[in-house]
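Hello,

Here is the structure we talked about, with its sequence. My notes follow below it.

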Amino acid sequence: MKYDIIVIGSGPGGYIAAVRASQLGKKVAIIEKYSTLGGTCLNVGCIPSKALLDSSHHYYDAVHHFEEHGISVENPKFDFGKMIERKAKVVETTTGGIKYLMDKNNIDVYEGLGSFEDATHVKVTKNDGSSEVIEGTNIIIATGSKPSTLPFISIDKERIITSTEALKLKEVPKHLIVIGGGVIGLELGSVYKRLGADVSVVEYAPTITPTMDKDVSKELTKVLKKQGVKFNVSHGVTAVERNGDEVVVKATNKKGEEVTFTGDYCLVAVGRRPYTEGLGLDKAGVKVTERGQIDVNDHLQTNVSNIYAIGDVVRGAMLAHKAEEEGVVVAEYLAGEKPHIDYNLIPGIIYTWPEVAAVGKTEDELKAANVDYKSGKFSMRALGRSRASGDIDGFVKVLADKNTDEVLGVHMVGARVADLIMEMAVAMEFRASAEDIARICHGHPTYSEAVKEAAKAAWDGKPLNA
């Protein structure tokens with residue numbers, strides 16, 4: 001079979017690229033080595049983790065907050081098996097939706113491992129060992145990423161686990177040791193903390209979420225500590241050993257002293273790595289960087305002119321929505337259109353509670369670039385909506401150019417900020433000023449009023465409700 005475009009990988013980047021290409025009149029095939037479509041995000045990432053975060057959040061509220069709302073629930077209990085079962089149903093429904101989209105858009109789906117024979121031919125090796133070769137005028141690599149580990153850690157997938165195994169445990173850990181204070185470690189740590197586990201986070205950097213704005217890291221540390229999560233920053237892990245049902249983690253603190261943590265599970269959440277195993281990139285002549293990423297230009301084109309790569313397998317943030325946008329960009333570019341993507345305006349989100357969201361530059365980045373900026377901050381505690389719901393932790397911070405008032409970065413911690421951040425992403429896309437945002441009438445009472453107030457604080461230093 002010959003296609004205009006072959007997509008290898010059916011995650012958010014791959015399936016979106018396939019859909020958009022088909023919409024633009026291309027004959028498209030997609031190759032997926034697993035039996036379900038959707039990649040890491042839908043099967044063992046974004047979607048299942050949010051399902052467990054929501055289930056555990058409901059339970060945590062029943063235990064800790066229902067009483068203050070006048071709701072009496074005697075001895076709330078949870079059925080962990082049902083939580084996992086519900087998560088599986090959510091995943092099944094969502095991946096089924098991808099299959100529907102493939103059928104709707106007349107995209108041929110090949111189940112098996114896709115590997116290059118040359119720059120235009122891809123062999124699909126099925127689980128039963130049989131194979132077939134298909135031809136593509138253009139090929140998009142969207143094979144995503146896998147969890148990273150440290151060289152001395154042996155992941156046994158039972159007690160020493162990655163995020164994949166953490167989403168399908170048979171029991172709630174008694175003491176979960178999380179190596180890595182980034183998005184994945186904090187989200188999954190939150191799930192099990194809410195369900196009664198002791199959670200200890202061991203982070204090499206001096207703060208959790210080290211790539212985010214320092215005010216965000218400070219606030220999130222404070223609120224998660226209040227929930228009972230223990231943080232050990234500036235700790236370099238040196239060994240992870242399993243003895244039966246016990247895991248021992250050794251680390252060196254900032255004083256150079258050895259510290260030992262003992263638990264029944266250890267989640268290794270030190271990031272993710274590009275996944276290119278089995279692709280046969282050498283047969284196609286595709287270059288890979290020292291970091292294992294596929295090298296691409298501004299059009300996401302590799303050194304081989306008809307081969308493109310998107311998502312976690314190329315440079316940039318490993319985010320599902322970034323992969324989706326890149327999929328659209330490549331599909332439209334191949335159809336002769338002139339798409340664009342602004343990498344500065346891709347939001348970063350952490351689905352703890354309160355949530356964390358950011359777009360644009362951090363203060364440290366602006367300082368490093370010698371940008372003359374001003375900052376406006378507004379506390380969620382000052383909002384009527386926050387007091388009504390009881391979600392008073394967090395803030396919104398707006399960073400704007402001191403001379404032009406253009407918004408350069410926005411950082412949020414609070415209820416529903418994962419959704420609130422998009423107001424500012426849109427505003428920044430149109431190069432709005434802090435005054436522009438401050439003069440927009442926001443509904444009352446809403447969480448979004450914090451955005452207006454923080455923008456006013458950045459514009460003239462005079463928020464109305466603080």
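In this predicted model, the largest nonpolar core has 47 residues, and the members that touch the most others are Phe-116, Ile-134, Ile-140, Ile-141 and Ile-294. Leaving aside residues up to four places away in sequence, Ile-134 touches Met-1, Tyr-3, Ile-6, Ala-29, Ile-31, Tyr-110, Thr-120, His-121, Val-122 and Val-124.

As for secondary structure, the protein contains 22 strands and 14 helices. Of the contacts between residues at least 6 apart in sequence, 62% join residues at least 24 apart.

On overall dimensions, the C-alpha trace spans about 65 × 60 × 50 Å along its principal axes. The radius of gyration is 23 Å, which agrees with a compact globule, because a globule of 466 residues would have a value near 23 Å.

Next, burial and surface. Buried residues make up 52% of the 466 in the protein.

Last, charge. The protein carries 64 negative and 56 positive side chains. How far apart do the centres of the two sets lie? They are 2 Å apart.

If you open the model, Ile-134 is one place to start, as one of the residues that touch the most other members of the 47-residue core.

Regards

How values were computed:
Residues are numbered from 1 along each chain as its sequence is written. This is a predicted model: local features need pLDDT of at least 70, side-chain atom pairs count only at pLDDT 80 or more; totals for chains, interfaces and linings use all residues. Side-chain values use heavy atoms; hydrogens and water are left out. A nonpolar core is a set of buried Ala, Val, Leu, Ile, Met, Phe, Trp, Tyr and Cys residues joined through side-chain atoms within 4.5 Å. Buried means under 20% relative accessible area, exposed over 50%, partly exposed in between (1.4 Å probe, protein chains only). Contact means heavy atoms within 4.5 Å. Helices (H or I, at least four residues) and strands (E, at least two) are DSSP runs, numbered from the N terminus. The radius of gyration is taken over C-alpha atoms; the globule rule is 2.2 Å times the number of residues to the power 0.38. Lys and Arg count as positive and Asp and Glu as negative; His and the chain ends are not counted. The place of a charge is taken as NZ of Lys, CZ of Arg, CG of Asp or CD of Glu.
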